[in-house]
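Reader: Please take a close look at one part of this model, the aromatic pairs. Keep it brisk.

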Amino acid sequence: MFSLSKLRELSPRTRLRKILRILQAIEADRQGIPDAAYRDGILALLSADAPAEVSALAQSVRAKAAGGADPRALLRGLNAIRHALLRALDAEPAEWDLVSRDTGLLDRAGVRVLPFSVYLEDVRSPFNVGSIFRTAEAFGAARIYLSPQTPPPSHPRAEKTARGAAGVLPWETAGLDSLRGGKNVFALELGGTALGLFRFPSSGTVLVGSEELGLSPEALAIADADAGRVTIPLAGAKRSLNVSVAFGILMHAWADSLSGRAR
């Protein structure tokens, strides 16, 4: 751990950045600061010369610690300080959970990978692509296929929303012809079987289409000849969902159907 004396020698902004990294490491390990004196020293530094919001939070956590607060409450207080520091430094929150310290990538060791694949046909927004990668990885999908017109996950805007998922989830660019031939292909599209009634395959590929036009007639023909179409029923005046939101609902239902069969 970086010593308090060295922290005091740093310039104010550099000191705040260093303390931010210390707090990130503490939360990543899901444990409290092992030494109360070190914790109080950090809080004292923040109370003295940090921006007002950070200073106020640090003083509050110091008071809780002095009163013998539960370690979990102190950890939540440190989390609030970390986010206040991020705002003060105009930095973007980083998702460090499940990151391998050796590779800097999300650690999929021990993750249950499901026999689910995803095909994105002409999804135009890199933000949506990244969000879909994040959701697919979170539910344990095995692979994502991209049509030639879909932005790759290496696009800076896709990387922003993928939050590291694109670095560990296999993907490739592929044409629709690769999906023909009875491979449990189904479509997330209007006009299909309601989500709660749809019989999800135990393995296969879901087709997800363009934000503006949905899936092409060619893609729908492949799905209709195989596992069909699934539709998310909507009751509101806005009769559509963002494609990445709809995909998240779909993935939860698909994964849940598989766990239900295992019971």
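Author: Start with burial. Both Phe186 and Phe198 are buried, where buried means under 20% relative accessible area, exposed over 50% and partly exposed in between, with a 1.4 Å probe and protein chains only. This is a predicted model: local features need pLDDT of at least 70, side-chain atom pairs count only at pLDDT 80 or more, and totals for chains, interfaces and linings use all residues. Residues are numbered from 1 along each chain as its sequence is written, and side-chain values use heavy atoms, with hydrogens and water left out.

Now the rings. Rings of Phe, Tyr and Trp (its six-membered ring) pair if their centres lie within 6.5 Å; planes under 30 degrees apart are stacked, over 60 edge-to-face, the rest tilted. The count comes to six aromatic pairs. One of them joins Phe186 and Phe198, tilted, at 5.3 Å centre to centre and 40 degrees between the planes. Phe186 lies in strand S4 (residues 185-194) and Phe198 in the loop between S4 and strand S5 (204-208), so the pair ties together parts 12 residues apart in sequence. Helices (H or I, at least four residues) and strands (E, at least two) are DSSP runs, numbered from the N terminus.

Phe186 also pairs with Trp254. Their ring centres are 4.9 Å apart and their planes at 85 degrees, so this pair is edge-to-face. Trp254 sits in helix H9 (residues 243-262) and Phe186 in strand S4, so parts 68 residues apart in sequence are tied together. Trp254 is buried, as is Phe186. Ring pairs link Phe116, Phe186, Phe198, Phe200 and Trp254 into a cluster.
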